[in-house]
Amino acid sequence: MSDPAMPEGQPAHPERRLPTSQPLLLRAVRWGAIATVVLVVVVGGSGYLIGGTPAMIGGAMGAAFSGVFLVLTVGSIAFANRFIGSELYVAVFFGIVLGTWLLKFIGFIVALLLLRDQTWLDPIAFFVGLLAGVLVSLVLDVLVVVKSRMPAISDPTTD
């Protein structure tokens, strides 16, 4: 049965909106980027005080790696949500998110192989920066979710 107010040939359902989690994801991206910049400065600076320039570079690079990976993960989910109106939304969503994950995995392995024997980089400081970035991103994710005001029900469908 068609709606008399809708012109012929137009879809019966209005434009689908982004999921209610979209602002939450964008907030996580924003806070993740800010935390990464702060962490690069703090870990790089403390690395310099403890072990000189190689530790500064290692700590800053480790923190930057973890921050970039955090932003890529959350950003890929937020980007994939833009295709919610598509018939192939689930396939597109998982293709984007898993494709990003695969690129991050390959990029991380390649970066580790390229950086493993560099004398200008302290590997312990790199690991500490990476670990600090992962812990900060976990804390940020928890804080963003706890402080959010998500509805107790899922998004309404227009079908």
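I started at Ser 76, which touches Val 71, Ile 96, Val 97 and Thr 100, not counting residues up to four places away in sequence; contact here means heavy atoms within 4.5 Å. Ser 76 lies in helix H2, and at 7% relative accessibility Ser 76 counts as buried. For the record, buried means under 20% relative accessible area, exposed over 50% and partly exposed in between, with a 1.4 Å probe and protein chains only.

**Ground rules.** I am working with a predicted model, where local features need pLDDT of at least 70, side-chain atom pairs count only at pLDDT 80 or more, and totals for chains, interfaces and linings use all residues. Residues are numbered from 1 along each chain as its sequence is written, and side-chain values use heavy atoms, with hydrogens and water left out.

**Overall layout.** I looked up the secondary structure and found 4 helices and 0 strands in the protein chain. The pattern along the sequence reads α-α-α-α. Helices (H or I, at least four residues) and strands (E, at least two) are DSSP runs, numbered from the N terminus. Of the 159 residues in the chain, 30% count as buried. I also checked contact range: among contacts between residues at least 6 apart in sequence, 78% join residues at least 24 apart.

**H4.** Helix H4 has 25 residues and reaches 36 Å from its first C-alpha to its last, close to the 36 Å expected at 1.5 Å a residue. That expected span is 1.5 Å times one less than the number of residues. I noted Asp 122 as the cap at the N-terminal end of H4, with a side-chain oxygen 3.1 Å from the backbone nitrogen of Ile 124. The buried residues of H4 are Ala 125, Phe 126, Gly 129, Leu 130, Ala 132, Gly 133, Ser 137, Leu 140 and Val 144. What covers these buried residues? The cover includes H1, H2 and H3.

**H2 against H4.** Two packed helices are described by the angle between their axes and the distance between the axes. For H2 and H4, I read axes that come within 7 Å and cross at roughly 35°. Axes are lines fitted to C-alpha atoms, for helices over the stretch in contact, and angles run from 0 to 180 degrees between N-to-C directions. This crossing is right-handed; a crossing is left-handed if the near helix is turned anticlockwise from the far one by less than a right angle, and right-handed if clockwise. On the H2 side I listed Ala 55, Gly 58, Gly 59, Met 61, Gly 62, Ala 63, Phe 65, Ser 66 and Leu 70, and on the H4 side Ala 125, Phe 126, Gly 129, Leu 130, Gly 133, Val 134, Ser 137 and Asp 141. By class, the contact of H2 with H4 has 9 nonpolar, 7 polar and 1 charged residues. Ala, Val, Leu, Ile, Met, Phe, Trp, Tyr, Cys and Pro count as nonpolar, Asp, Glu, Lys and Arg as charged, and the others, Gly among them, as polar.

**Gly 62.** I zoomed in on Gly 62 in helix H2. Is Gly 62 buried or exposed? Gly 62 counts as buried, at 0% relative accessibility. Leaving aside neighbours within four places in sequence, Gly 62 is in contact with Phe 126, Gly 129 and Leu 130. I also took the C-alpha separation of Gly 62 and Leu 39, which are 23 residues apart along the chain, and got 9.7 Å.

**H1 against H4.** The axes of H1 (residues 22–51) and H4 (residues 123–147) come within 10 Å and cross at roughly 150°. The H1–H4 crossing is right-handed. Its contact residues divide into 11 nonpolar, 3 polar and 1 charged.

**Gln 22.** Gln 22 is found in helix H1 and is buried, with a relative accessible area of 3%. Which side chain does the Gln 22 side chain make a polar contact with? The partner is the side chain of Asn 81, at 2.9 Å. A polar contact is a pair of N or O atoms within 3.5 Å; within protein, one must be able to donate a hydrogen and the other to accept it, and residues adjacent in sequence count only if both atoms are side-chain atoms.

**Gly 85.** Last stop: Gly 85, in the loop between H2 and H3. Gly 85 is exposed, with a relative accessible area of 51%.
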